Amino acid sequence: MRIFRYLLWMAVSAGVAAQGYPGKPVRIVVPASPGGASDIAARLVAPALGEALGQPFIVENRVTSGGIIATQQVAESPPDGHTLLVTFDTFASNATLFKNLKWDPVRDFAPVMQLCRYPQVLLVHPSLNVRSVKEFVALAKQKGPQLNYASAGPASSSRLAYELFKEVAGIETVPVHYKGGGPALQDLLSGTVQVMLIQGGGSIQQHVRSGRLTALGVSSLAPSKFFPGVPTIAESYAGFETESWVAMLAPAATPKAVIDQLHGALTKLLTDTAMRERFEAQSCDIVAGTPEELGRLVRSEREKWARIIREKNITVE
């Protein structure tokens, strides 16, 4: 199989050199529903990439089996740059959560760029009457079995981030896993569940400003400009850090010339002021890192979450 992919890479490289890239419309596969973080990022950059590179970049949402199958299909696509993946942080943790995956986030993909990152925010319903991380932890130690925490799903980054928080804070609360962040957020707003650690994009800012939710802390090491006045969780628990991120990848063995062309086009469009403002309107910081930096991020995230998943015996069942 590896020999075949190498020969295919050689053939594709020659074709790219002879014909130029892209030679036809490019598919950007998003393994998530419309409106999510990865979908928004893909739809922000796709038209500009098409304009810069002279072919349409078409976003396709594929959510079967939580996007696992869609990711596999990209991994198995010809490595010619005409099928790309724009995905989110669980890309790195799924290899541990799902035992029978046919793809590996490092082996089967070529990094292009980490597009952006979102802060994750520890949110509680105002009825808890707590205003800080420490106050919430004290309450959870007293009433843990009576408190429900929401996640966007058993394999979601909101679940993994909260499990890590539970570990460092030494608390136990009752999990309620939803099919997506939207339903989880609605039940947090209604008070059906009391706490959530979730990506701070979309309408989260509005709900915090209006007082419908209380933000206790952000998961980044530095305070977030999108949530002014909200301290970091690390101020209470040194070293605590999680983040949600969105990245573009290609099938492994995609020629470096193609990766470089995509990366160069993305770098140029992401430095545009109007584009930056569109990302920041979603509470999203543009990263625009190198392929090597994305490769290191995926490897480090895989190792970090593999440890948590094993130690906490986290399953998707």
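**Figure 1. Helices and strands of the chain in the predicted model.** The chain holds eleven helices and eleven strands. This is a predicted model. Its radius of gyration is 20 Å, close to the 20 Å that the globule rule gives for 317 residues, so the chain is as compact as a globular protein of that length. Along the principal axes, the C-alpha atoms fill a box of roughly 70 × 40 × 30 Å. Of the 317 residues, 53% count as buried.

**Figure 2. The largest pocket and its lining.** Rolling a probe the size of a water molecule over the atoms shows where empty space is left. The largest pocket has a volume of about 1100 Å³. Its lining consists of 45 residues, and those nearest the centre of the pocket are Ala32, Phe88, Ala152, Gly180 and Gly181. Two or more lining residues come from each of these elements: helix 2 (37–53), helix 4 (90–97), helix 6 (157–169), helix 7 (181–190), strand 8 (195–199) and strand 10 (244–251). Helix 7 gives the most, with four residues. Sorted by class, the lining of the largest pocket has 20 nonpolar, 23 polar and two charged residues.

**Figure 3. Aromatic rings around Trp103.** A pair of aromatic rings is described by the distance of the centres and the angle of the planes. In the whole structure, a search finds eight aromatic pairs. For Phe91 and Trp103, the ring centres are 5.6 Å apart and the planes lie at 10°, which is under 30 degrees, so this pair is stacked. The pair links distant parts of the chain, twelve residues apart: Phe91 belongs to helix 4, whereas Trp103 is in the loop between helix 4 and strand 4 (109–118). The ring of Trp103 also pairs with that of Phe109; here the centres are 6.0 Å apart and the planes stand at 90°, so the pair is edge-to-face. Phe91 and Trp103 are buried, and Phe109 is buried as well.

**Figure 4. A cluster of aromatic rings and a lysine over the face of Tyr237.** Ring pairs link six residues into a cluster, namely Phe136, Tyr149, Tyr162, Phe165, Tyr237 and Phe240. Over the face of Tyr237 lies Lys134, at 4.3 Å from the ring centre.

Figure 5. Most residues other than glycine have a negative phi, and most peptide bonds are trans. The peptide bond from Tyr21 to Pro22, by contrast, is cis, and its omega is near -5°. Pro22 is placed in the loop between helix 1 (2–19) and strand 1 (26–30).

Figure 6. Asn129 is a residue other than glycine, yet its phi is positive, near 60°. It is found in the loop between strand 5 (120–124) and helix 5 (133–143). The relative accessibility of Asn129 is 64%, which is over 50%, so the residue counts as exposed. Ala253 is likewise not a glycine and has a positive phi, of about 75°. The loop that holds Ala253 runs between strand 10 and helix 9 (256–270). With a relative accessibility of 27%, Ala253 counts as partly exposed.

Note on methods:
Residues are numbered from 1 along each chain as its sequence is written. This is a predicted model: local features need pLDDT of at least 70, side-chain atom pairs count only at pLDDT 80 or more; totals for chains, interfaces and linings use all residues. Side-chain values use heavy atoms; hydrogens and water are left out. On a 1 Å grid over the protein atoms alone, a cavity is a set of points where a 1.4 Å probe fits but cannot get out, and a pocket is an open set with protein on both sides within 12 Å along at least five of seven lines; lining residues have an atom within 4 Å of a point. Grid points are joined across faces, edges and corners, and a volume is the space filled by probe spheres set on the points. Ala, Val, Leu, Ile, Met, Phe, Trp, Tyr, Cys and Pro count as nonpolar, Asp, Glu, Lys and Arg as charged, and the others, Gly among them, as polar. Rings of Phe, Tyr and Trp (its six-membered ring) pair if their centres lie within 6.5 Å; planes under 30 degrees apart count as stacked, over 60 as edge-to-face and the rest as tilted. Buried means under 20% relative accessible area, exposed over 50%, partly exposed in between (1.4 Å probe, protein chains only). A charge sits over a ring if NZ of Lys or CZ of Arg is within 6 Å of the ring centre and within 35 degrees of the ring normal. The radius of gyration is taken over C-alpha atoms; the globule rule is 2.2 Å times the number of residues to the power 0.38.
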